[in-house]
Amino acid sequence: MASNYEYQPLKSRHEIRLLWLFPAESEDASLRFNLVSQNRHSHHPYKTLSYTWGNSGKCRTAYVDGFDNGDADLKPTREFLQSIEYTLDITENLDTALRRLRTRQGNEVEFFWIDAVCINQTDLAEREHQVQMMRDIYANASQTIIWLGDADPWTRDAISCITLLSWASSCVTPSSQRGRELILELEQAQQNPSKLNPTSEFFIPERSWKAFAKLLARPWFERVWVYQEVAVSDSLDIQCGTFSIAWDDLCAACQFVNDFQLVIGYREHEHLHTSVLIMKETRDGFRAPIPIIPDGASAPRTRGFQDSKDEDDNEITDQQRLAVTGQLIHDTTTCPRLDINLLTLRWAQATDPRDKVYALLGISSTVPAFLRPDYTISLRQAYGRTAKALRIIPGGSVFAFLSLVQHEHRQLLNLDLASWVPDWRRPLHAPWLINNFGFQAAYGVRADISQSADDVCLTAKGTVLMRIAVLGPQAGVKGGMPPLSLLAHLPNPYACSWSAALKDALDFETDPGGRFTPLPASACNTPFWEWRAKCKDSLAEASRPPPEPSEWEVSASSGSATVTVGPDTVQWDQLQGNSGIAQGRRVFISDLGYIGLAPLASMVGDEVCVLMGSKVPHIIRRDGSTYWFVGECYVYGLMDGEVMQGLDVERVGFLQFL
């Protein structure tokens with residue numbers, strides 16, 4: 001009876017294992033391979049596999065020969081192939097892929113690098129080091145095969161659809177004469193090629209169109225690691241069962257869909273193609289030409305892991321590293337910052353949540369030396385180090401990482417992360433205020449912020465301004481501020497202050513006493529027209545005299561509204577304010593009468609603070625002498641530096657967050 005395979009330690013930090021896949025006479029024959037080690041700089045050709053691990057609970061048995069002579073040039077004999085004596089469990093998806101990929105003629109063999117098998121996943125030190133080399137491993141492969149899984153009844157039609165769309169992209173562009181004609185035809189067909197005249201050269205049967213959507217909905221397209229694998233690979237091909245297609249053809253098809261704004265299959269799948277276009281953009285940027293370095297000039301920093309050197313190497317220059325490993329010289333115009341990659345790909349999935357960060361290090365610019373794949377540390381430590389990295393990367397804002405903190409629940413005590421650390425496992429549910437709207441709450445003042453060595457505490461210089469006294473429900477589904485229901489309740493929008501309108505129209509929460517104390521008129525005299533003018537300058541300049549009440553006309557029906565203010569008539573959607581700034585937030589009134597938008601996790605009694613150097617205010621929750629961080633907020637009247645007027649910055653104290 002065969003025993004379980006036991007990995008032998010790699011002999012040096014330069015070594016990798018290759019899977020030596022043995023041929024078989026039929027697909028049903030037992031899956032057999034050997035694992036051999038070689039120097040990662042060896043020129044022996046090998047292929048890499050980009051795939052999803054699949055359900056780890058559904059495994060199949062593969063047979064592994066225990067002989068590793070480190071010689072990838074050895075040709076196996078029949079007797080050698082019969083010497084298999086060890087077993088290794090692999091996932092069902094990988095088993096299927098290897099059966100499709102192995103050869104069936106004679107003694108021909110192929111070499112693959114496959115992370116689940118070629119890395120000893122139980123050896124955390126090896127796993128950490130091998131993951132750091134993955135970018136180079138994929139870059140040096142002769143070919144990367146993207147395995148989407150086994151074929152289904154839709155696959156053939158999906159491949160036909162991709163082939164036709166790829167051909168179409170080479171024939172027309174939106175600006176060409178035929179392209180303009182096609183746009184008109186598609187508009188009449190509601191952007192769906194399955195509704196075109198069947199005689200059109202661009203007609204696609206509805207089944208093929210839906211099959212394309214099903215292919216793009218496969219799990220591979222949601223996996224975060226594939227972005228690096230696609231970006232660095234020299235040659236890419238896609239395989240789904242026995243069907244195959246070139247990566248460039250898929251990109252061309254998705255680009256055509258994007259250029260002509262086509263609807264892919266089902267309405268809920270209409271944006272599936274964007275993940276492919278993001279991969280294409282990442283790949284194009286990463287593979288951009290290396291800038292010429294003048295004699296005597298210092299080389300730019302390399303992508304990914306900065307200031308690295310092998311344990312048994314002396315310090316090497318970027319030029320030497322480039323010559324040895326083939327890494328591209330970093331250029332910030334083509335390689336996104338780490339924070340941008342994390343934000344763009346926050347929705348992507350990983351089996352290990354730490355890989356939500358680690359998978360992007362190799363394709364991000366200016367990654368600090370202390371941020372490395374490290375599977376010996378906890379998730380809390382990994383995400384804490386990431387927050388520290390985001391504070392110091394060039395080109396970013398020191399407080400930008402705080403804007404990426406968006407809690408799903410009000411009970412912050414149960415978090416498995418520090419409250420001020422972004423949780424990359426969960427998507428954002430509100431727009432990123434700090435970078436999108438040009439706010440300057442305390443920007444220009446020197447920030448003073450530090451992080452404890454154990455990544456538990458964050459200390460920042462700042463001042464507490466007020467607390468939340470009234471808290472409304474989540475703002476309108478479309479992000480309107482105020483919600484449509486509030487607008488309908490305003491008998492005289494010009495005369496009513498925000499606080500009075502909110503008190504009458506919203507199901508607000510109050511202090512524990514259960515009563516709402518009316519605010520003095522002097523503290524809440526911001527009328528609707530003034531807020532509207534500030535958020536939508538194209539409708540009414542802030543300097544325009546207030547309109548007479550008789551000039552207002554509001555009509556609402558079926559969830560939409562038309563607002564007439566003097567000569568201006570606009571749809572309510574145009575009054576959403578700051579491009580949906582209220583989406584995923586709650587309207588609040590502070591105890592000082594300020595109106596604002598708070599995170600969904602906010603509670604009555606939470607406080608508003610401004611940290612020195614930050615572009616936006618933040619909501620925080622007091623816990624004794626320390627605070628829990630709730631999230632960034634919008635406060636009308638505090639977004640343009642008003643709080644800094646007359647403030648003695650030198651006397652501002654420090655706030656500590658857990």
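I began with Lys214, which lies over the face of Trp154 at 4.9 Å from the ring centre. For a charge to sit over a ring, NZ of Lys or CZ of Arg must be within 6 Å of the ring centre and within 35 degrees of the ring normal. Arg207 also lies over the face of Trp154, at 4.2 Å from the ring centre.

A note on ground rules before going on. I am reading a predicted model, where local features need pLDDT of at least 70, side-chain atom pairs count only at pLDDT 80 or more, and totals for chains, interfaces and linings use all residues. Residues are numbered from 1 along each chain as its sequence is written, and side-chain values use heavy atoms, with hydrogens and water left out.

Next I looked up ring pairs. Rings of Phe, Tyr and Trp (its six-membered ring) pair if their centres lie within 6.5 Å; planes under 30 degrees apart are stacked, over 60 edge-to-face, and the rest tilted. I found 15 aromatic pairs by this rule. Trp220 and Phe221 form an edge-to-face pair, because their ring centres are 5.0 Å apart and their planes stand at 90°. Both Trp220 and Phe221 are buried. Here buried means under 20% relative accessible area, exposed over 50%, and partly exposed in between (1.4 Å probe, protein chains only).

I then turned to Tyr227 and Trp347. Their ring centres are 6.4 Å apart with planes at 80°, so this pair is edge-to-face. Tyr227 lies in helix α8 (residues 226–232) and Trp347 in the loop between α12 (338–344) and α13 (355–361), so the pair ties together parts 120 residues apart in sequence. Helices here are DSSP runs (H or I, at least four residues), numbered from the N terminus. Tyr227 is buried at a relative accessible area of 0%, whereas Trp347 is partly exposed at 33%. I also noted a cluster in which ring pairs link Tyr5, Tyr7 and Tyr86.

My last stop was Arg99, placed in helix α2 (residues 92–101). Arg99 counts as buried, at 15% relative accessibility. Its side chain makes a polar contact of 2.8 Å with the side chain of Asp95. A polar contact is a pair of N or O atoms within 3.5 Å; within protein, one must be able to donate a hydrogen and the other to accept it, and residues adjacent in sequence count only if both atoms are side-chain atoms. A polar atom of the Arg99 side chain also lies 2.8 Å from the backbone oxygen of Glu27.

Conventions. Helices (H or I, at least four residues) and strands (E, at least two) are DSSP runs, numbered from the N terminus.
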